[in-house]
Amino acid sequence: MNSQLRREYLDALGLKTWTLRTAHGTADAPSLEIASGATSAAPAAVPAPARDVSAMREAGVDWDELRARVAACTRCSLSATRTQTVFGVGNPHADWLIVGEAPGAEEDRRGEPFVGRAGQLLNSMLHAIGLAREQVYIANVLKCRPPGNRDPNLTEAAECLPYLERQIALLKPKIMLAVGRIAAQNLLGTEKTLGALRQQVHRFGLSQVPLVVTYHPAYLLRTPTEKRKAWEDLKFARDVISRV
Ligand code: URA
(Lines give C-alpha, C1' and ligand atoms only; values in the text may rest on other atoms or scores of the structure.)
Protein backbone atom coordinates (compact mmCIF):
# COMPACT_ATOMS: atom_id res chain seq x y z
CA MET A 1 0.00 0.00 0.00
CA ASN A 2 1.39 3.44 -0.86
CA SER A 3 2.16 5.71 2.03
CA GLN A 4 -0.44 8.36 1.11
CA LEU A 5 -3.28 5.80 1.05
CA ARG A 6 -1.99 4.36 4.29
CA ARG A 7 -2.01 7.84 5.86
CA GLU A 8 -5.59 8.38 4.66
CA TYR A 9 -6.68 5.11 6.26
CA LEU A 10 -4.93 6.07 9.47
CA ASP A 11 -6.56 9.52 9.41
CA ALA A 12 -9.99 8.04 8.77
CA LEU A 13 -9.56 5.73 11.73
CA GLY A 14 -7.88 8.33 13.92
CA LEU A 15 -4.98 5.92 14.35
CA LYS A 16 -1.95 8.14 13.94
CA THR A 17 -0.78 7.66 17.48
CA TRP A 18 -1.81 4.06 17.99
CA THR A 19 -0.95 2.31 21.22
CA LEU A 20 -2.12 -1.08 22.36
CA ARG A 21 -3.64 -1.23 25.82
CA THR A 22 -2.46 -3.94 28.17
CA ALA A 23 -3.98 -5.20 31.40
CA HIS A 24 -1.72 -2.71 33.17
CA GLY A 25 -2.67 0.36 31.22
CA THR A 26 -1.23 1.62 27.98
CA ALA A 27 1.93 0.03 26.73
CA ASP A 28 4.29 1.08 24.00
CA ALA A 29 3.39 -0.80 20.88
CA PRO A 30 4.33 -0.81 17.24
CA SER A 31 2.28 1.57 15.12
CA LEU A 32 -0.77 -0.07 13.63
CA GLU A 33 -0.33 -1.68 10.25
CA ILE A 34 -3.32 -1.30 7.96
CA ALA A 35 -3.13 -4.38 5.81
CA SER A 36 -4.37 -4.47 2.26
CA GLY A 37 -7.08 -7.10 2.35
CA ALA A 38 -7.14 -8.14 -1.25
CA THR A 39 -3.62 -8.54 -2.44
CA SER A 40 -3.54 -12.04 -3.84
CA ALA A 41 -6.18 -13.85 -5.82
CA ALA A 42 -5.57 -17.32 -4.51
CA PRO A 43 -7.26 -20.47 -5.73
CA ALA A 44 -8.23 -21.57 -2.21
CA ALA A 45 -10.16 -18.37 -1.51
CA VAL A 46 -12.56 -16.34 -3.60
CA PRO A 47 -10.57 -13.53 -5.25
CA ALA A 48 -11.61 -10.12 -3.95
CA PRO A 49 -12.39 -8.50 -7.34
CA ALA A 50 -14.83 -11.31 -8.15
CA ARG A 51 -16.46 -10.75 -4.79
CA ASP A 52 -16.84 -7.02 -5.38
CA VAL A 53 -18.76 -7.72 -8.61
CA SER A 54 -20.84 -10.53 -7.11
CA ALA A 55 -21.78 -8.27 -4.20
CA MET A 56 -24.27 -6.63 -6.58
CA ARG A 57 -26.23 -9.88 -6.96
CA GLU A 58 -28.45 -9.26 -3.94
CA ALA A 59 -28.42 -5.46 -4.31
CA GLY A 60 -31.48 -3.71 -2.87
CA VAL A 61 -32.78 -6.83 -1.14
CA ASP A 62 -34.12 -6.33 2.41
CA TRP A 63 -33.63 -8.68 5.38
CA ASP A 64 -36.85 -10.62 4.81
CA GLU A 65 -36.25 -11.16 1.11
CA LEU A 66 -32.61 -12.07 1.73
CA ARG A 67 -33.62 -14.61 4.36
CA ALA A 68 -36.15 -16.11 1.96
CA ARG A 69 -33.60 -16.33 -0.85
CA VAL A 70 -31.09 -18.06 1.42
CA ALA A 71 -33.72 -20.53 2.69
CA ALA A 72 -34.62 -21.48 -0.89
CA CYS A 73 -31.05 -21.44 -2.25
CA THR A 74 -29.93 -24.25 -4.57
CA ARG A 75 -26.92 -22.44 -6.05
CA CYS A 76 -24.49 -25.17 -5.02
CA SER A 77 -24.67 -28.86 -4.25
CA LEU A 78 -24.72 -28.33 -0.47
CA SER A 79 -28.46 -27.68 -0.80
CA ALA A 80 -28.88 -31.41 -1.43
CA THR A 81 -27.25 -32.47 1.83
CA ARG A 82 -28.23 -29.74 4.31
CA THR A 83 -31.00 -30.13 6.86
CA GLN A 84 -31.64 -26.40 6.63
CA THR A 85 -29.80 -23.18 5.83
CA VAL A 86 -28.14 -21.22 8.63
CA PHE A 87 -28.76 -17.56 7.84
CA GLY A 88 -27.17 -15.76 10.78
CA VAL A 89 -28.32 -14.48 14.13
CA GLY A 90 -28.11 -11.43 16.32
CA ASN A 91 -28.78 -7.75 16.56
CA PRO A 92 -29.48 -6.27 13.10
CA HIS A 93 -28.00 -2.99 14.36
CA ALA A 94 -24.87 -4.57 15.82
CA ASP A 95 -21.50 -2.83 15.67
CA TRP A 96 -19.73 -6.20 15.65
CA LEU A 97 -20.10 -8.84 12.97
CA ILE A 98 -18.51 -12.20 13.77
CA VAL A 99 -17.91 -14.41 10.73
CA GLY A 100 -17.10 -18.10 10.92
CA GLU A 101 -16.57 -20.75 8.30
CA ALA A 102 -19.72 -22.84 7.88
CA PRO A 103 -22.40 -24.54 9.97
CA GLY A 104 -21.43 -27.77 11.71
CA ALA A 105 -23.74 -30.67 12.55
CA GLU A 106 -25.43 -28.94 15.49
CA GLU A 107 -25.89 -25.69 13.56
CA ASP A 108 -27.35 -27.60 10.59
CA ARG A 109 -29.80 -29.25 12.99
CA ARG A 110 -30.82 -26.07 14.83
CA GLY A 111 -30.55 -23.48 12.05
CA GLU A 112 -28.38 -21.10 14.08
CA PRO A 113 -24.62 -20.42 13.80
CA PHE A 114 -22.20 -21.32 16.58
CA VAL A 115 -24.51 -23.24 18.89
CA GLY A 116 -22.23 -26.24 19.51
CA ARG A 117 -19.19 -26.44 21.78
CA ALA A 118 -17.29 -23.96 19.60
CA GLY A 119 -20.25 -21.62 19.96
CA GLN A 120 -20.08 -21.81 23.74
CA LEU A 121 -16.42 -20.83 23.63
CA LEU A 122 -17.22 -18.04 21.16
CA ASN A 123 -19.82 -16.72 23.63
CA SER A 124 -17.16 -16.73 26.38
CA MET A 125 -14.67 -14.97 24.13
CA LEU A 126 -17.25 -12.26 23.43
CA HIS A 127 -18.07 -11.96 27.12
CA ALA A 128 -14.37 -11.46 27.85
CA ILE A 129 -14.51 -8.19 25.91
CA GLY A 130 -17.82 -7.15 27.42
CA LEU A 131 -20.15 -8.35 24.66
CA ALA A 132 -23.22 -10.54 25.00
CA ARG A 133 -24.06 -12.83 22.09
CA GLU A 134 -27.31 -10.86 21.62
CA GLN A 135 -25.38 -7.62 21.07
CA VAL A 136 -23.41 -8.83 18.05
CA TYR A 137 -24.35 -10.40 14.73
CA ILE A 138 -23.00 -13.86 13.92
CA ALA A 139 -22.83 -15.42 10.46
CA ASN A 140 -20.70 -17.74 8.37
CA VAL A 141 -19.05 -17.65 4.97
CA LEU A 142 -21.30 -20.60 4.00
CA LYS A 143 -25.00 -20.87 4.87
CA CYS A 144 -25.03 -24.65 4.49
CA ARG A 145 -23.08 -27.41 6.18
CA PRO A 146 -20.41 -29.10 4.07
CA PRO A 147 -20.78 -32.88 4.55
CA GLY A 148 -18.42 -34.23 7.18
CA ASN A 149 -17.44 -30.65 8.08
CA ARG A 150 -14.96 -30.53 5.21
CA ASP A 151 -13.56 -27.15 4.15
CA PRO A 152 -15.78 -25.10 1.80
CA ASN A 153 -14.67 -25.33 -1.82
CA LEU A 154 -14.17 -22.38 -4.14
CA THR A 155 -17.54 -22.72 -5.91
CA GLU A 156 -19.48 -22.99 -2.67
CA ALA A 157 -17.79 -19.90 -1.23
CA ALA A 158 -18.23 -17.90 -4.45
CA GLU A 159 -21.93 -18.77 -4.66
CA CYS A 160 -22.60 -18.04 -1.00
CA LEU A 161 -20.53 -14.92 -0.32
CA PRO A 162 -22.97 -12.49 -1.99
CA TYR A 163 -25.50 -13.35 0.74
CA LEU A 164 -23.00 -12.41 3.43
CA GLU A 165 -22.09 -9.29 1.50
CA ARG A 166 -25.72 -8.20 1.45
CA GLN A 167 -25.98 -8.94 5.18
CA ILE A 168 -22.97 -6.68 5.69
CA ALA A 169 -24.50 -3.93 3.55
CA LEU A 170 -27.72 -4.07 5.59
CA LEU A 171 -25.97 -4.38 8.94
CA LYS A 172 -23.25 -1.75 8.39
CA PRO A 173 -21.06 -3.13 11.20
CA LYS A 174 -18.27 -1.01 12.63
CA ILE A 175 -15.97 -4.02 12.75
CA MET A 176 -15.80 -7.57 11.45
CA LEU A 177 -14.09 -10.35 13.36
CA ALA A 178 -13.14 -13.28 11.14
CA VAL A 179 -12.74 -16.40 13.24
CA GLY A 180 -10.47 -18.99 11.72
CA ARG A 181 -8.30 -19.35 8.65
CA ILE A 182 -11.07 -20.32 6.24
CA ALA A 183 -13.25 -17.32 7.08
CA ALA A 184 -10.28 -14.95 6.96
CA GLN A 185 -8.95 -16.27 3.65
CA ASN A 186 -12.34 -16.15 1.95
CA LEU A 187 -13.22 -12.70 3.24
CA LEU A 188 -9.86 -11.24 2.30
CA GLY A 189 -9.26 -13.18 -0.92
CA THR A 190 -5.89 -14.41 0.21
CA GLU A 191 -4.07 -17.65 0.94
CA LYS A 192 -1.98 -16.16 3.75
CA THR A 193 -1.83 -18.09 6.99
CA LEU A 194 -3.87 -17.05 9.98
CA GLY A 195 -0.66 -16.21 11.81
CA ALA A 196 0.24 -13.76 9.05
CA LEU A 197 -3.22 -12.15 9.06
CA ARG A 198 -3.85 -11.58 12.77
CA GLN A 199 -2.92 -8.42 14.68
CA GLN A 200 -3.58 -6.21 11.65
CA VAL A 201 -6.52 -4.10 10.52
CA HIS A 202 -7.71 -5.36 7.14
CA ARG A 203 -10.50 -3.82 5.08
CA PHE A 204 -13.45 -5.77 3.76
CA GLY A 205 -14.87 -5.32 0.27
CA LEU A 206 -16.32 -2.16 -1.21
CA SER A 207 -17.54 -0.92 2.16
CA GLN A 208 -13.99 -1.08 3.57
CA VAL A 209 -15.23 -2.20 6.98
CA PRO A 210 -12.27 -2.77 9.36
CA LEU A 211 -11.69 -6.51 9.71
CA VAL A 212 -9.65 -8.29 12.38
CA VAL A 213 -8.68 -11.95 12.29
CA THR A 214 -8.43 -14.41 15.16
CA TYR A 215 -8.42 -18.14 15.83
CA HIS A 216 -11.49 -20.31 15.39
CA PRO A 217 -12.98 -21.38 18.74
CA ALA A 218 -12.99 -25.04 17.57
CA TYR A 219 -9.23 -24.75 17.06
CA LEU A 220 -8.87 -23.19 20.52
CA LEU A 221 -10.78 -26.12 22.02
CA ARG A 222 -8.21 -28.44 20.44
CA THR A 223 -5.25 -26.16 21.22
CA PRO A 224 -5.99 -24.29 24.45
CA THR A 225 -2.43 -22.97 24.65
CA GLU A 226 -3.33 -20.59 21.81
CA LYS A 227 -6.12 -18.95 23.84
CA ARG A 228 -3.71 -16.30 25.05
CA LYS A 229 -3.12 -15.17 21.46
CA ALA A 230 -6.87 -15.11 20.79
CA TRP A 231 -7.26 -12.88 23.83
CA GLU A 232 -4.65 -10.52 22.37
CA ASP A 233 -6.62 -10.45 19.11
CA LEU A 234 -9.88 -9.67 20.89
CA LYS A 235 -8.28 -6.78 22.77
CA PHE A 236 -6.78 -5.61 19.49
CA ALA A 237 -10.24 -5.64 17.86
CA ARG A 238 -11.74 -3.82 20.83
CA ASP A 239 -9.11 -1.13 20.47
CA VAL A 240 -9.80 -0.83 16.75
CA ILE A 241 -13.54 -0.32 17.23
CA SER A 242 -12.95 2.21 19.99
CA ARG A 243 -11.16 4.34 17.38
CA VAL A 244 -13.69 4.06 14.55
N1 URA B 1 -18.02 -23.35 13.12
C2 URA B 1 -18.24 -22.30 12.29
O3 URA B 1 -17.33 -21.80 11.65
N4 URA B 1 -19.49 -21.81 12.24
C5 URA B 1 -20.50 -22.32 12.94
O6 URA B 1 -21.60 -21.80 12.84
C7 URA B 1 -20.22 -23.40 13.80
C8 URA B 1 -18.99 -23.91 13.87
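A pocket is an open set of points, on a 1 Å grid over the protein atoms alone, with protein on both sides within 12 Å along at least five of seven lines, whereas a cavity is a set where a 1.4 Å probe fits but cannot get out; lining residues have an atom within 4 Å of a point. The model is predicted, with local features needing pLDDT of at least 70 and side-chain atom pairs pLDDT 80 or more, while totals for chains, interfaces and linings use all residues. Residues are numbered from 1 along each chain as its sequence is written, and side-chain values use heavy atoms, without hydrogens and water.

Helices α4 (105–110) and α5 (117–128) each supply at least two residues of the pocket lining, and α4 gives the largest share, three residues; helices are DSSP runs (H or I, at least four residues) numbered from the N terminus.

The space taken by the ligand is this largest pocket, where a molecule counts as sitting in a pocket if more than half of its atoms lie within 2 Å of its grid points. Around the ligand are G100, E101, A102, E107, P113, F114, N140 and H216, each with a heavy atom within 4 Å of it. A ligand nitrogen is 3.0 Å from a polar backbone atom of A102, a ligand oxygen is 2.9 Å from a backbone N or O atom of F114, and a ligand nitrogen is 2.8 Å from a side-chain N or O atom of N140. The protein covers 92% of the 240 Å² of accessible area that the ligand has on its own (Shrake-Rupley method, 1.4 Å probe).

By the cavity rule, two cavities of 30 Å³ or more are counted. The largest cavity is lined by 16 residues, the closest to its centre being C73, C76, C144, C160 and Y163, and helix α6 (residues 154–171) gives the most to this lining, with four residues.

The table sets the two spaces side by side; a volume is the space filled by probe spheres set on grid points joined across faces, edges and corners, and Ala, Val, Leu, Ile, Met, Phe, Trp, Tyr, Cys and Pro count as nonpolar, Asp, Glu, Lys and Arg as charged, and the others as polar.

| Space | Volume | Lining residues by class |
|---|---|---|
| Largest pocket | about 340 Å³ | six nonpolar, five polar, six charged |
| Largest cavity | about 120 Å³ | eight nonpolar, three polar, five charged |

Methods: Polar contact = N/O pair within 3.5 Å; in protein donor to acceptor, adjacent residues only side chain to side chain.
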